[in-house]
Amino acid sequence: MKSRAALSLLGYCYYHMQDFTNAAECYEQLTQLHPEVEEYKLYYAQSLYGACAYPEAMKATFLLDNPTSHTKVHFLH
């Protein structure tokens, strides 16, 4: 599935159902398909953290381009 709207909605639903592994998979695809969207990178990192994939979550934070996004990464504080 490569529909941006479908992947975004699916990732959102998975995240709020606390299925962080599937949410991370959706957001990973979105970051690859739409690297210009900073929010997808942030949601990807947060989903990885929720899935207890801490090293991967930390690596995902390095994808964040916008310095203001770093303050939104709650799991690092």
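Student: How much helix and strand is there over residues 4-37, and how far apart are the ends?
Tutor: Over residues 4-37 the chain is 79% helix and 0% strand, with the end C-alpha atoms 11 Å apart, where helices (H or I, at least four residues) and strands (E, at least two) are DSSP runs numbered from the N terminus. This is a predicted model in which local features need pLDDT of at least 70 and side-chain atom pairs count only at pLDDT 80 or more, while totals for chains, interfaces and linings use all residues. Residues are numbered from 1 along each chain as its sequence is written, and side-chain values use heavy atoms, leaving out hydrogens and water.

Student: Which elements give two or more residues to the largest nonpolar core?
Tutor: The largest nonpolar core has 14 residues, and Tyr-27, Leu-30 and Tyr-40 are among those with the most contacts inside it; such a core is a set of buried Ala, Val, Leu, Ile, Met, Phe, Trp, Tyr and Cys residues joined through side-chain atoms within 4.5 Å. Two or more residues come from each of α2 (20-33), α3 (38-50) and α4 (54-61), and α2 provides the largest share, five residues.

Student: OK, rings now: how many aromatic pairs are there?
Tutor: The whole structure holds four aromatic pairs, counted when ring centres of Phe, Tyr and Trp (its six-membered ring) lie within 6.5 Å, with planes under 30 degrees apart called stacked, over 60 edge-to-face and the rest tilted. Tyr-15 and Phe-20 form an edge-to-face pair, 5.1 Å centre to centre with 75° between the planes.

Student: And Phe-20, buried or exposed?
Tutor: Phe-20 counts as buried at 18% relative accessibility, because buried means under 20% relative accessible area, exposed over 50% and partly exposed in between (1.4 Å probe, protein chains only).
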